Structures are given as structure tokens and as C-alpha cells.
Amino acid sequence: MIFFVKAHACGNDFLIIEEPVAQRRHAELARKLCARNTGVGADGIEFLDRKANGEYFLRLFNADGSEAELSGNGTRCVAAWLASSEGRPEVGLGTHGGLRTCHVIESNDPLYLIESEMGVPRVMQRTIVLPRVGEVPGAMVNVGNPHFVLFVDSDDFSAHGLSWQELGAQISVSPLFPHSTNVEFVRVLSQTEIAFRIFERGCGPTTSSGTGTCASSAAAMVLRRVERELTAIAEGGPQRTVWPSNDAVMRLTGPAEIICRGEVAAL
């Protein structure tokens, strides 16, 4: 049997499994257990590796079995679980996208409000060309993992004659991104508020994304000159970003809730 924890951050849900259980079957377990109809169901699995020196390291596998550098929301879910199970109000979590330090701001188990240090975003304005679509202006943003952010005016987040889901699927696998990319569609609502939609590589449309929130905020701050403290609203709810300057660490604050613990038959 495989013990798992399931948690979500604004509807972006993850399973948390101890690394030794994987036995080099990370991708297989992700495809099987994340399946919505035949598995437990999740956007991805965070495999938690407890190092001998007391440090933690996370490996994130998406629902399709692909490995990603990190997930802001997934990292926050793990921090919530460690706060609940081990009483840790602060934890540093290593990822392939860098160290992410999480601080518990409010605790009302199973619901936690957590601030995460998300590294220094890098924003580069870029126009890509898609077959049958043409030029799509936007920005490549790196927050430890890759994103392409474009700004839209429509209430339904459509752009270039396509729904955001259709366009996101095309951009995500563009040859410009050899390892594919996450895609965000951003509407600037005011100087202190943006709304956005997420097409996430490896699982498609999601209700929320921590790194997507940071990428959207960073692009809006650099290219649309909005305030350096933003409320960023996805389908799953709002999160808060603070980025004092382009060379500073961005901080992300949002909820994480533990849904359940359980066991599933080993594959």
C-alpha cells in the first residue's frame, strides 16, 4: 500500500508521497494516481525526500507523468502538510527550480495561509509566431520554471480568435519551448489587481498556479507598470504577490488546505 496526502491550493490539487515509496516509478505513479476517474485524482504528485541532514527536497511530476522544476502551489501544500503533521511554522523546500522557503502566517488546521519566497523572476518581452494564428506578443518569464504570459482585454480571456484553452495548448508546445511551457492569459483590472487564466504544461487548464501567479504578476509589473504589490485572481481564488524591485525576491501569499490522507494499492 502507498500512503498519500492530498491537498490543494485554490483548487490546484496535489498528492504528497514520500520519495522512498516511488522506487523510480515516479512517472508511472503520477499517471496512475492522478487520473481523475480511475485514480485518486490530482494535478500532480509532490515526492517528498527527507535528507539525512534534515533538509527536504521535492520532485514534482505532472498528471501526464512529465517532471517539472517546481510548483508554487504544490510547494505550499507540502509546507501545510509539514505544519500539520510536524508543527513546522517555517520550512525550506529544495526543488529543481531552487530553494523555496515557506512561512505559515495563519494556521487553522486543515487550512493554512502561507507566504513563500519565490526567487527572482526574469521577464523578457517576446513575440512568438504560431501556424494559422500569426504573431502573438507576450513575455517569457522564468520563476524557476518557464512561462509565457500574454495580455488580453476580453472578459473570457480569449485572444487571436481562439479561446484561451485552445491558444494555450498551442503556445505550450511551440518549438520555441523545447521542454514546453506554462501559459498565462492576463487582464489588468487596476493598478493593484489582475485576473488571469492558466494553461499548465503536463495537465492543461488549472484553477490556480503559484508560479503562474508570480509570472503573471511579474510581467504586469514590468510591462504594464502596475503596483509592486498585487492581488492576482485565478479561477480558484486570489493570491497576493509582493516584488519590491526587479532584482528582489518575489513573495507569494495564499492558502493551502489538506483534503485527506489515505492509502492506495501499490502498482
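**Pocket, helix and annotated sites**

Modeller: Strands β9 (122–130), β10 (134–142) and β11 (146–151) each supply at least two residues of the lining of the largest pocket. A strand is a DSSP run of E of at least two residues, and a helix one of H or I of at least four, numbered from the N terminus. The model is predicted: local features need pLDDT of at least 70 and side-chain atom pairs 80 or more, while totals for chains, interfaces and linings use all residues. Residues are numbered from 1 along each chain, and side-chain values use heavy atoms, without hydrogens or water.

Biologist: Which residues lie nearest the centre of that pocket?

Modeller: Of the 16 lining residues, M140, V141, N142, P146 and F177 lie nearest the centre. On a 1 Å grid over protein atoms alone, a pocket is an open set of points with protein on both sides within 12 Å along at least five of seven lines; a cavity is a set where a 1.4 Å probe fits but cannot get out; lining residues have an atom within 4 Å of a point.

Biologist: Different topic. How many residues of α3 are buried?

Modeller: Helix α3 has 12 of its 15 residues buried, so it is largely enclosed by the rest of the structure. Buried means under 20% relative accessible area (1.4 Å probe, protein chains only). Among them are R76 and W81.

Notes. Buried means under 20% relative accessible area, exposed over 50%, partly exposed in between (1.4 Å probe, protein chains only).
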